[in-house]
Amino acid sequence: MIDDWNDLKVFLTLAEEGQLTSAAKKLHVSHPTIARRIKALETSIGARLFDRLPDRFVLTPAGEELLADSRKMQQAAESIDRRSAGLIDMAQGVVRLSAGEAMTGFIATHLPRLRQNLQCVEFELTASHTLANLSRREADLLIREQVPDLASIVTRKLGRAAYAVYAAAGLQLGNLTPDELRRLTWLGFDDDHAYMPGQSWTRDLLGGKRPPIRFNDWLVMRDAVAAGAGVAVLPCYLVDQDPALRRVGGLLPDVSADQWLLVHKDLRTLPRIRAVMDQLVTFFQEHKALLAGQTTATRYHVAV
């Protein structure tokens, strides 16, 4: 009989991580604590759960069987946690919102408007490219450009973001031909983030070459463009109201990104989550023109 269900949590983490160091870091405990709990669990079950190899822990057949049951228990615990959050029928508490850094920056500049009717809600904004686990409540709401194929996720489209080429407002460019545009110094994302909007367009313009200056963050790239380091494709909603930058040419018709609001189905009716969702939908409707790049923007002309 298992005496402490927390031992299963340690077991599951070590099985997923494969190493004491990473498991201890994830659980915020020491190596000896991990080893002690695994030993206690093996004693309770009466079977060895891991083979200790020089560089990792590998599950034994008994460990493989226990892993499946442990994951079911974890899923049940996460479901209880999500559902228990809705037992208090009040639009107050913490709401964790995760979005890419460009969208997080955009939302941060409009927080007074977003919180206008939500003073009892505490906001936690996280900038991340990766998909936070809504089942484990790593975030309550996500704004992403892709919708994961998960039955547990409820989605709502917030709008479509337009993109254009931008340069520093003080950079003297004049009228540009396509060849002159190609010869400018280009900024873009590194290879790990080449999936970002506008990166394929940029490399096609450059004949398949990578931009000579590369980043992994929209906000840093925007600041580099504003400093005169070069030109780059940027989201209009992030830049059009910035006097330090201006467009080079018009909107890029082949570059856009839908913005989706994601929430776990167990949380969508929670009052504070629902209130923030409604406010976000209203906010994006109010800024539809800015998102679509249809506000007035100073620009350089590109000759055709």
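**Exercise 1.** How are helix 2 and helix 3 oriented to each other: roughly parallel, roughly antiparallel, roughly perpendicular or oblique?

*Solution.* The model is a predicted one, and the axes of helix 2 and helix 3 come within 9 Å in it, crossing at roughly 100°. Angles from 65 to 115 degrees count as roughly perpendicular, and helix 2 and helix 3 are therefore roughly perpendicular to each other. Turning to the residues, L20, T21, A23, A24 and L27 of helix 2 meet H31, I34 and A35 of helix 3. This contact divides into 6 nonpolar and 2 polar residues, with no charged ones.

**Exercise 2.** Describe how helix 1 packs against helix 2, and give the residues that make the contact.

*Solution.* Two packed helices are described by the angle between their axes and the distance between the axes. For helix 1 (residues 6-17) and helix 2 (residues 20-27), the axes come within 8 Å and cross at roughly 130°. Helix 1 and helix 2 are therefore oblique to each other, and helix 1 passes helix 2 in a right-handed crossing. Helix 1 contributes K9, V10, T13, L14, E16 and E17 to the contact, while helix 2 contributes L20, S22, A23, K26 and L27. Sorted by class, these residues are 5 nonpolar, 2 polar and 4 charged.

**Exercise 3.** Carry out the corresponding description for helix 1 and helix 3, including the handedness of the crossing.

*Solution.* The axes of helix 1 and helix 3 (residues 31-45) lie 9 Å apart, and the packing angle is about 110°. Helix 1 and helix 3 are therefore roughly perpendicular to each other, with helix 1 passing helix 3 in a left-handed crossing. The contact is formed by N6, D7, L8, V10, F11 and L14 from helix 1, together with I34, R37, I38, A40 and L41 from helix 3. Its composition by class is 8 nonpolar, 1 polar and 2 charged residues.

**Exercise 4.** Which residues lie nearest the centre of the second largest pocket, and which element gives the most to its lining?

*Solution.* The second largest pocket holds about 310 Å³ of space, and 20 residues line it, of which G100, H129, R144, E145 and Q146 lie nearest its centre. At the level of elements, helix 5 (101-108) and strand 5 (141-144) are those that give two or more residues to this lining. Helix 5 gives the most, with 3 residues. By class, the lining of the second largest pocket is made up of 11 nonpolar, 6 polar and 3 charged residues.

Notes:
Residues are numbered from 1 along each chain as its sequence is written. This is a predicted model: local features need pLDDT of at least 70, side-chain atom pairs count only at pLDDT 80 or more; totals for chains, interfaces and linings use all residues. Side-chain values use heavy atoms; hydrogens and water are left out. Axes are lines fitted to C-alpha atoms, for helices over the stretch in contact, and angles run from 0 to 180 degrees between N-to-C directions. Helices (H or I, at least four residues) and strands (E, at least two) are DSSP runs, numbered from the N terminus. Angles under 35 degrees count as roughly parallel, over 145 as roughly antiparallel, 65 to 115 as roughly perpendicular and the rest as oblique. A crossing is left-handed if the near helix is turned anticlockwise from the far one by less than a right angle, and right-handed if clockwise. Contact means heavy atoms within 4.5 Å. Ala, Val, Leu, Ile, Met, Phe, Trp, Tyr, Cys and Pro count as nonpolar, Asp, Glu, Lys and Arg as charged, and the others, Gly among them, as polar. On a 1 Å grid over the protein atoms alone, a cavity is a set of points where a 1.4 Å probe fits but cannot get out, and a pocket is an open set with protein on both sides within 12 Å along at least five of seven lines; lining residues have an atom within 4 Å of a point. Grid points are joined across faces, edges and corners, and a volume is the space filled by probe spheres set on the points.
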